[in-house]
Amino acid sequence: MRSSEAIAPWQTRCLEILEPSRAGDKTSKAVDIFLTVLIISNVIAVTLESIASVGARYETAFNIFEWISIGIFKLEYGLRLWANGAKTDSKYVSAFRRRL
């Protein structure tokens with residue numbers, strides 16, 4: 001078995017998890033909810049940070065939250081790029097073109 005054949009099921013499952021969830025897929029639903037809550041939390045954090053007194057008092061906490069959020073979003077984006085190689089319903093033949 002080639003290494004690409006061993007990785008393909010992982011790519012497919014990762015794609016299923018990151019795409020909008022299907023009925024009954026608890027992992028995908030949990031990821032959807034987590035990412036939604038993270039986005040809303042970022043909006044709230046930016047709003048609160050824009051208030052001078054709150055921003056100054058919690059500057060370190062806002063910075064830590066921002067860096068953790070960026071890390072999570074970078075991981076999600078990287079996984080999406082990697083997992084899109086498993087798509088077969090695309091008009092593009094190569095995995096590279098499907099990712100674009």
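Colleague: Is Ala83 buried or exposed?
Modeller: Ala83 is buried, with a relative accessible area of 1%. Buried means under 20% relative accessible area, exposed means over 50%, and partly exposed lies in between, using a 1.4 Å probe and protein chains only.

Colleague: What kind of model is this, and how are residues numbered?
Modeller: This is a predicted model, with residues numbered from 1 along each chain as its sequence is written.

Colleague: What does Ala83 touch?
Modeller: Gln11, Cys14 and Leu15, leaving out residues up to four places away in sequence. Contact means heavy atoms within 4.5 Å. As for Pro9, Ala83 is 74 residues from Pro9 in sequence, and their C-alpha atoms are 9.8 Å apart in space.

Colleague: And Ala86? Where is Ala86?
Modeller: Ala86 sits in the loop between α4 and α5, the latter being residues 95–99. Ala86 counts as buried, at 19% relative accessibility.

Colleague: Which residues does Ala86 contact?
Modeller: Gln11 and Thr12, leaving aside neighbours within four places in sequence. Ala86 and Thr12 are 74 residues apart in sequence, yet 5.4 Å apart in space, C-alpha to C-alpha.

Colleague: Let's zoom out. How many helices and strands are there?
Modeller: The protein chain has 5 helices and 0 strands. From the N terminus, the order is α-α-α-α-α.

Colleague: How much of the chain is buried?
Modeller: Buried residues make up 20% of the 100 residues. The accessible surface is about 7600 Å², and carbon and sulfur atoms hold 65% of that. Those areas come from the Shrake-Rupley method with a 1.4 Å probe; for residues, only the protein chains shown count as cover.

Colleague: What share of the contacts joins residues at least 24 apart?
Modeller: 44%, taken among contacts between residues at least 6 apart in sequence.

Colleague: New topic. How many salt bridges are there?
Modeller: The count comes to 3 salt bridges. A salt bridge here is a side-chain nitrogen of Lys or Arg within 4 Å of a carboxyl oxygen of Asp or Glu.

Colleague: What is Arg13 doing with Glu16?
Modeller: Arg13 forms a salt bridge with Glu16, and their closest N and O atoms are 3.2 Å apart. Arg13 is partly exposed at 30% relative accessible area, and Glu16 is partly exposed at 32%.

Colleague: Where does Asp25 come in?
Modeller: The side chains of Arg13 and Asp25 also meet in a salt bridge, at 2.8 Å from N to O. That pair links distant parts of the chain: Arg13 is in helix α1, Asp25 is in the loop between α1 and α2 (26–49), and they are 12 residues apart. Asp25 counts as buried, at 15% relative accessibility.

Colleague: And what about Glu76 and Arg80?
Modeller: Their side chains meet in a salt bridge too, 2.7 Å from N to O. Glu76 and Arg80 are 4 residues apart in helix α4 (residues 59–83), so about one helical turn separates them. Glu76 is buried at 16% relative accessible area, whereas Arg80 is partly exposed at 27%.

Colleague: Last topic, packing. At what angle do α2 and α4 pack?
Modeller: About 145°, with their axes 11 Å apart. Axes are lines fitted to C-alpha atoms, for helices over the stretch in contact, and angles run from 0 to 180 degrees between N-to-C directions.

Colleague: Which residues make the contact?
Modeller: On α2 they include Phe34, Leu35 and Leu38, and on α4 they include Phe62, Ile72 and Glu76. The contact residues divide into 10 nonpolar, 4 polar and 2 charged. Ala, Val, Leu, Ile, Met, Phe, Trp, Tyr, Cys and Pro count as nonpolar, Asp, Glu, Lys and Arg as charged, and the others, Gly among them, as polar.

Note on methods:
Predicted model: local features only at pLDDT ≥ 70, side-chain atom pairs only at ≥ 80, totals over all residues. Heavy atoms only, no water. Helix = DSSP H or I, 4+ residues; strand = E, 2+ residues; numbered from the N terminus.
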